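Please look through the model below alongside the text that follows.

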Amino acid sequence: PRLQGRTMMGCEVIAPVRIPQAPYDVVVVASTHRDAILAQLIQLGIAPDRIIAPDVSQDDSELGTEIGRLLARARRDA
């Protein structure tokens, strides 16, 4: 899919309207606007279990732990 940009760490950022056709197993919402983005993605037809929306206000260690926990749950529920 065409990129909308990249994060400071080099992760791909794609436009929300392109995500339903994207070949990704999980979409990670890494934004302080996660609730609004999560609602937008669900409205676009993306299954909630395909979306991970961690609390990005945590420090890096806590954020990494939360993302790992959310990914493990997503894999288990798949």
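Leaving out residues up to four places away in sequence, E66 touches P54, D55 and Q58, where contact means heavy atoms within 4.5 Å. The model is a predicted one, in which local features need pLDDT of at least 70 and side-chain atom pairs count only at pLDDT 80 or more, while totals for chains, interfaces and linings use all residues. Residues are numbered from 1 along each chain as its sequence is written, and side-chain values use heavy atoms, with hydrogens and water left out.

E66 belongs to helix α2; helices (H or I, at least four residues) and strands (E, at least two) are DSSP runs numbered from the N terminus. With a relative accessible area of 14%, E66 is buried. Buried means under 20% relative accessible area, exposed over 50%, and partly exposed in between, with a 1.4 Å probe and protein chains only. The side chains of E66 and Q58 are joined by a polar contact of 2.2 Å. Such a contact is a pair of N or O atoms within 3.5 Å; within protein, one must be able to donate a hydrogen and the other to accept it, and residues adjacent in sequence count only if both atoms are side-chain atoms.

S31 sits in the loop between β3 (27–28) and α1 (34–43). S31 is also buried, at 17% relative accessible area. A polar atom of its side chain lies 2.9 Å from the backbone nitrogen of H33. Beyond four places in sequence, S31 touches I37 and V56.

In helix α1 is L38, which counts as partly exposed because its relative accessibility is 25%. The C-alpha atoms of L38 and V28 are 9.7 Å apart.

The largest nonpolar core has nine residues: I14, I19, A22, V27, V29, L41, I46, I51 and A53. A nonpolar core is a set of buried Ala, Val, Leu, Ile, Met, Phe, Trp, Tyr and Cys residues joined through side-chain atoms within 4.5 Å. Apart from neighbours within four places in sequence, V27 is in contact with I19, L41, R50, I51 and I52.

For the protein chain the mean is 84, and 95% of residues reach 70 or more.

Methods:
pLDDT = per-residue confidence, 0-100.
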